[in-house]
Amino acid sequence: MRKDIKVVFMGTPEFARESLKELVESGYHVVACFTNPDKPSGRGMKLKYSSVKEYAIEKNIPVYQPNKVKKNQEVIDILNEMSPDFLVVVAYGKILPQEVLDIPRLGAINVHGSLLPKYRGSAPMQWAIINGEKITGITTMFMDSGMDTGDMLLKEEVEIQEKDNLEDIHDRLMVVGAKLLIKTLDGLLDGTVKGEKQPDGATYAPMIDREMTKIDFHKNARDIYNFVRGLCPFPGTYMELQNGKKYKVFQVEAVEDGSIDKSIENGSILLMSKNSLYIRCNDGYVKILQIQPENSKRMDISAFLAGNRLSIADIFV
């Protein structure tokens with residue numbers, strides 16, 4: 001039955017590639033892939049294929065890379081000619097108009113990296129960690145014209161462990177999402193899976209830009225810890241000295257300590273040794289474990305302190 005079901009896949013990064021791979025290996029007939037245009041990358045700024053395009057080429061699946069889907073009659077014509085049963089969308093990175101969503105005979109299906117209705121939007125994994133959630137997961141849903149507002153199909157929970165960072169959760173959800181996609185499509189075909197309206201209580205996970213990645217040492221240690229791991233390894237957080245010098249931060253340890261002198265300004269260096277850097281925050285301090293100076297590589301704090309000068313008088317603003 002699967003080989004008779006035509007699927008058009010839309011996705012771009014590694015997270016989406018895993019779902020595409022699962023579709024192919026499960027025997028679904030993927031007739032085409034839509035992915036974002038190639039982007040310049042590396043020192044030579046050579047055009048780089050998306051992860052989805054790389055896999056599609058490997059499997060001889062036709063690839064389309066429109067700059068936009070909205071108000072693009074060519075895309076509409078291509079999709080209508082293919083006459084897909086399912087449109088599967090995983091981290092595509094483009095908003096799809098209703099006229100596209102209406103084309104597939106059996107519906108447009110999305111794999112979303114949260115337990116809806118919590119964390120609708122483009123950065124659900126990041127915000128779940130930043131907000132200190134203990135549980136996240138995958139929701140598959142029918143797509144509509146809203147932002148992750150369609151009827152839910154299947155859900156699977158995933159635990160966020162104490163030391164998990166974004167990379168850990170991304171990799172775990174990527175695999176869970178791919179397998180849940182197949183269960184969803186199979187269930188829709190045999191009638192065991194039905195759409196369910198999302199309940200009230202939606203929260204949102206907006207895109208994270210560079211301006212939002214600075215560490216605020218006026219916050220509590222635990223909040224800073226979650227913030228750092230929620231954006232590690234990409235895009236990474238950073239802290240900035242009063243002189244404007246910036247340092248990316250990839251790993252910290254949080255310590256609540258009410259005994260610290262309240263007169264010490266938040267962001268101040270409390271202690272510095274050969275292998276330790278402690279910075280004052282609202283309810284204690286954070287111990288910096290991995291750091292990256294400007295125009296340098298990521299390193300453990302001991303390697304950083306061996307070759308970089310800081311002073312107890314320095315303050316991170």
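Modeller: Buried means under 20% relative accessible area. Keep that cut-off in mind; this model is predicted.

Biologist: Why is Phe304 counted as buried?

Modeller: Phe304 has 0% relative accessibility. The limit is under 20%, so Phe304 is buried.

Biologist: What makes Tyr247 buried?

Modeller: Its relative accessible area is 2%. That is under 20%, so Tyr247 is buried.

Biologist: Why is the pair of Tyr247 and Phe304 called edge-to-face?

Modeller: The structure holds five aromatic pairs. In this one, the ring centres lie 5.5 Å apart and the planes stand at 85 degrees. Rings pair within 6.5 Å, and planes over 60 degrees apart count as edge-to-face. Therefore the pair is edge-to-face.

Biologist: Which parts of the chain does the pair link?

Modeller: Distant ones: Tyr247 is in strand β11, Phe304 is in helix α8, and they are 57 residues apart. Ring pairs also link both residues with Phe217 and Phe316 into a cluster.

Biologist: What makes Tyr278 and Tyr285 an edge-to-face pair?

Modeller: Their centres are 5.2 Å apart, with 80 degrees between the planes. The limits are within 6.5 Å and over 60 degrees, so the pair is edge-to-face. Both tyrosines are buried.

Biologist: How do you know that β11 pairs with β14?

Modeller: Nine bridges join them, in the antiparallel sense. Pairing needs at least two bridges, so β11 and β14 pair. Gln251 stands opposite Gln290 in β14.

Biologist: What about β10 and β11?

Modeller: Four bridges join these antiparallel strands. At least two are needed, so they pair as well. They form a hairpin with five residues between them.

Key: Residues are numbered from 1 along each chain as its sequence is written. This is a predicted model: local features need pLDDT of at least 70, side-chain atom pairs count only at pLDDT 80 or more; totals for chains, interfaces and linings use all residues. Side-chain values use heavy atoms; hydrogens and water are left out. Helices (H or I, at least four residues) and strands (E, at least two) are DSSP runs, numbered from the N terminus. Rings of Phe, Tyr and Trp (its six-membered ring) pair if their centres lie within 6.5 Å; planes under 30 degrees apart count as stacked, over 60 as edge-to-face and the rest as tilted. Buried means under 20% relative accessible area, exposed over 50%, partly exposed in between (1.4 Å probe, protein chains only).
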